[in-house]
Amino acid sequence: MDKKKILIQLDSDPQPSVFDRIVAIDAGADEVFSYGGVRPEQVRDLVHGAIFTRGPKDLKNTAIFIGASDVAAGERLLEEVRRHLLPQFGLRVSVLLDANGANTTAAAAVRAAGRHLDLKGAAALVLGGTGPVGQRVARLLARQGADVRVGSRQRARAEKVCDAIRSTASSAHVEPFSTGTTPELQSAIIGRASIIAAGAAGAQLLAKAYWAKYPGLKLVIDLNAVPPLGIEGVEVTDKGKERDGIVCYGAIGVGDTKMKIHKAAIAKLFESNDQIMDAEEVYALAAGI
Ligand SMILES: NC(=O)c1ccc[n+]([C@@H]2O[C@H](COP(=O)([O-])OP(=O)(O)OC[C@H]3O[C@@H](n4cnc5c(N)ncnc54)[C@H](OP(=O)(O)O)[C@@H]3O)[C@@H](O)[C@H]2O)c1
């Protein structure tokens with residue numbers, strides 16, 4: 001008989017996310033063991049507890065989910081988890097990183113874009129491109145062959161994001177842009193077929209006057225659900241809605257797909273014990289949704 005599906009939730013926040021826990025149960029985990037305030041030096045014993053209890057053939061029924069509101073902290077936990085798996089003995093479990101929902105949200109946004117545009121060579125602008133979600137959106141777009149402008153109020157921050165993307169994908173077409181002032185924003189938009197806004201909750205990044213009826217612009221996606229929304233004129237529930245000839249998605253419109261991807265990713269963890277799912281793996285999974 002198959003063992004119970006146990007998801008071990010490692011969260012660097014003091015209180016492990018209730019949202020992530022509920023999604024895990026809805027996605028088919030029988031039990032969720034939630035650990036909050038997890039620091040890298042605590043990960044070894046948590047991983048050992050996961051890999052030394054069941055035999056290799058049953059380890060697909062144990063998996064690790066890494067969450068955190070701080071994505072960098074989540075990335076450090078993932079690094080540490082990888083260090084303590086013992087694949088040479090078959091003693092490993094599958095792992096999903098979705099700190100702050102960044103991977104599933106970015107995958108959903110890029111999937112939405114791909115429904116309307118051929119991403120290869122697509123001219124895109126990612127506003128708020130330095131946050132955890134924006135960075136992943138830019139990275140996924142670039143890996144699909146898009147020509148990506150990464151926007152930030154500080155060009156140096158966008159430059160860092162572009163360098164990080166190039167360091168993992170040398171052929172990536174990514175370019176940093178200052179987008180803090182109106183003239184900067186206007187020049188960043190020139191020639192773009194799509195704009196994805198991944199700015200902070202409650203921060204408007206783009207007024208309607210700068211995108212509505214913009215020649216050549218085909219698609220805008222706003223991931224901010226907290227008023228004022230990131231792109232003025234896009235409704236939070238828009239899901240492929242045409243406005244002034246431009247296809248629009250709002251945060252709830254994308255959020256529906258994000259939830260499907262999140263659940264599918266949890267379910268996939270229990271198919272085998274050898275998966276490490278970060279942005280690219282989550283995006284690949286999203287293609288089937
Ligand atoms: N729909 C969903 O399912 C879903 C799921 C998760 C997250 N989200 C949303 O996705 C968005 C991005 O999330 P995140 O965690 O990556 O965001 P974040 O880190 O809070 O912010 C992203 C970027 O926005 C810029 N920014 C911050 N404050 C600003 C301001 N007052 N005015 C203009 N720009 C500002 C910053 O870039 P610079 O300083 O470089 O300019 C920052 O790096 C958020 O709105 C979040 O709520 C949606």
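How many bridges join strand β4 to β12? In this predicted model, in which local features need pLDDT of at least 70, side-chain atom pairs count only at pLDDT 80 or more, and totals for chains, interfaces and linings use all residues, two bridges join β4 (residues 94-97) to β12, and the two strands run parallel. Residues are numbered from 1 along each chain as its sequence is written, and side-chain values use heavy atoms, with hydrogens and water left out.

L96 stands opposite M277 in β12. Strands (E, at least two residues) and helices (H or I, at least four) are DSSP runs numbered from the N terminus, and two strands pair if DSSP finds at least two bridges between them. Five strands form an open sheet with parallel pairing, in the order β2-β1-β3-β4-β12. β2 (31-35) and β12 (276-277) stand at the edges with a single partner strand each, so one side of each has no neighbour in the sheet.

The ligand is surrounded by 21 residues, a residue being near if one of its heavy atoms lies within 4 Å. The closest are N100, T130, S152, R153 and G199. Helix α8 (251-269) is one of the elements that supply at least two residues of this shell, as is α5 (132-143); α8 gives the most, with three residues.

Polar contacts are pairs of N or O atoms within 3.5 Å. An oxygen atom of the ligand is 2.6 Å from a side-chain N or O atom of S152, and an oxygen atom of the ligand is 2.7 Å from a polar backbone atom of G199. A nitrogen atom of the ligand lies 3.2 Å from a backbone N or O atom of A251.

Methods
Polar contact = N/O pair within 3.5 Å; in protein donor to acceptor, adjacent residues only side chain to side chain.
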